[in-house]
Each structure stands twice: as C-alpha cells, then as structure tokens.
Amino acid sequence: MSVVLPIAQRGEEILTFKAASVAQNEFNSAWLEQLALALQATMLERHGVGIAAPQVYVSKRVIIVASRPNPRYPDAPEMPAVTMINPEIIEYSTETCFGEEGCLSVPEQRGQVERAYVVKVRYFTVQGEQIEQSYEGFPARIVQHEIDHLNGILFVERL
Ligand code: K2U
Ligand code: ZN
C-alpha cells in the first residue's frame, strides 16, 4: 500500500503551470519510482482512469494512463496502467470524436470534449527507455486529457 496524496482542485495555481520535464539524472531514481507508485495509489483510491503529477502538487511531466470499463465507457479496454515520463504526442489523427470527461481536480462536473480519435505518443519509462505507442478511443482520450494537465489545461477549458 503506497501513500495516497491530496489532489489539487480547480482554481489552484499549480494546475495552470507548464510542468517541468523529468531530468536525465532522475530516471531510474528512487524518487521517480516513489512518485509513480504514489500517483498510481492516488488514482486507484479516487477511481480514476488516469492522473497527472501536477494534480498531486508535483509540477513534473509524469502521467499515468489506466483505461478500464466504467459506467460512462462500458466497452473501454482494460489496460495495465502505464506510467509515461515526458510524454509527447507526435501524431494526431485528423479524425476526432466527442466523449464525456471528468477530472479528479474538477469535482461534480462532466462534459463532452472533442479529442483526436488516435494519437501516437513518445514517452520514457521510469527506467529511461524510450517508447512510441499509438492509442485510440478512450485510452487516446485519457492520454490527451493527462498531457493537457502537464500544460496547465483543464478539460473544462475545452467545453
Ligand atoms: O486526470 C484526471 O483528472 C483523471 C480523470 C481521467 C479521465 C480523462 C478523460 C476522460 C475520462 C477520465 C478521471 O479518471 S475522472 C473519473 C472518470 C472516470 C471514467 C470516465 C469519466 C470520468
Ligand atoms: Zn483531469
């Protein structure tokens, strides 16, 4: 059982900052491993399908994406949680789709947000390995929502 961290709420300045990249010497560090564990525990405790480090007051470019079926997306794929360090979307499909979003930092609010249907993401693992992976549908939506957090953008600004 890892530590569950408090979550910043809409209106708190940390959520509006562009988060800092994780530095080369932080990869494979106990600090980064602890952060990833705490992010995952916090996300699970709050029944999220994703989370971004700025939401727990750590302004660094770390996100977790963890799609699973849920009331709003019953056919969402069940995927193992993936921790992405310094994620970058390197390709957006021209095709977009609308879908309902929520946010752990914006309680009691939901809204239809237009997102690219497919995104190709380049990111690093905690160990520092570079990965390029495409996501579609709900997982792609979560990726875009979480990377928005790293750039100080909340989904309500896209309604
Ligand atoms: O970043 C967050 O605040 C976590 C969001 C991730 C999310 C992004 C886009 C679309 C859905 C979720 C939380 O998971 S909000 C809770 C939730 C879960 C499933 C579907 C909708 C909302
Ligand atoms: Zn959010």
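This is a short tour of the structure above, one selection at a time.

Before you click, note that this is a predicted model, where local features need pLDDT of at least 70 and side-chain atom pairs count only at pLDDT 80 or more, while totals for chains, interfaces and linings use all residues. Residues are numbered from 1 along each chain as its sequence is written, chains are lettered from A and ligands numbered from 1 in the order in which they are written, and side-chain values use heavy atoms, with hydrogens and water left out.

**Stop 1: ligand 1**

Which residues come nearest to ligand 1? Of the 15 residues around it, they are Val49, Gln55, Arg72, Leu104 and Glu146; a residue is near a molecule if one of its heavy atoms lies within 4 Å of it.

Now look at the oxygen atoms of ligand 1. One lies 2.9 Å from a backbone N or O atom of Val49. For Gln55, a polar side-chain atom is 3.0 Å from an oxygen atom of the ligand. In His145, a side-chain N or O atom is 3.1 Å from a ligand oxygen. Taken alone, ligand 1 exposes 470 Å², and the protein buries 97% of that (areas come from the Shrake-Rupley method with a 1.4 Å probe).

Next, colour helix α2, residues 137-150. This helix gives the most to the shell around the ligand, with 4 residues (helices, at least four residues of H or I, and strands, at least two of E, are DSSP runs numbered from the N terminus).

**Stop 2**

Go to Ser105, in the loop between β4 (96-101) and β5 (111-116). Is Ser105 buried or exposed? Ser105 is buried, with a relative accessible area of 0% (buried means under 20%, exposed over 50%, and partly exposed in between, using a 1.4 Å probe and protein chains only). Its side chain makes a polar contact of 3.0 Å with the side chain of Gln55 (within protein, a pair of N or O atoms within 3.5 Å, one able to donate a hydrogen and the other to accept it; residues adjacent in sequence count only if both atoms are side-chain atoms).

**Stop 2: Lys60**

Move to Lys60, in the loop between β1 (50-52) and β2 (62-65). Lys60 counts as buried, at 18% relative accessibility. Follow its side chain to that of Glu26, where the two make a polar contact (3.1 Å).

**Stop 3: the cysteines**

How many disulfides does a search of the whole structure find? It finds 0, a disulfide being a pair of cysteine sulfur atoms within 2.5 Å. The sulfur of Cys97 is 18 Å from the closest cysteine sulfur, in Cys103, so the two are too far apart for a bond. Cys103 is buried, at 8% relative accessible area.

**Stop 4: along the chain**

Pick Val82 in strand β3 (residues 82-92). Val82 is buried, at 13%. Its C-alpha is 9.8 Å from that of Ala36, 46 residues apart along the chain.

Finish with Gly11, in the segment before α1 (30-45). Gly11 counts as exposed, at 76% relative accessibility. The C-alpha atoms of Gly11 and Ser29 are separated by 32 Å, with the residues 18 apart along the chain.
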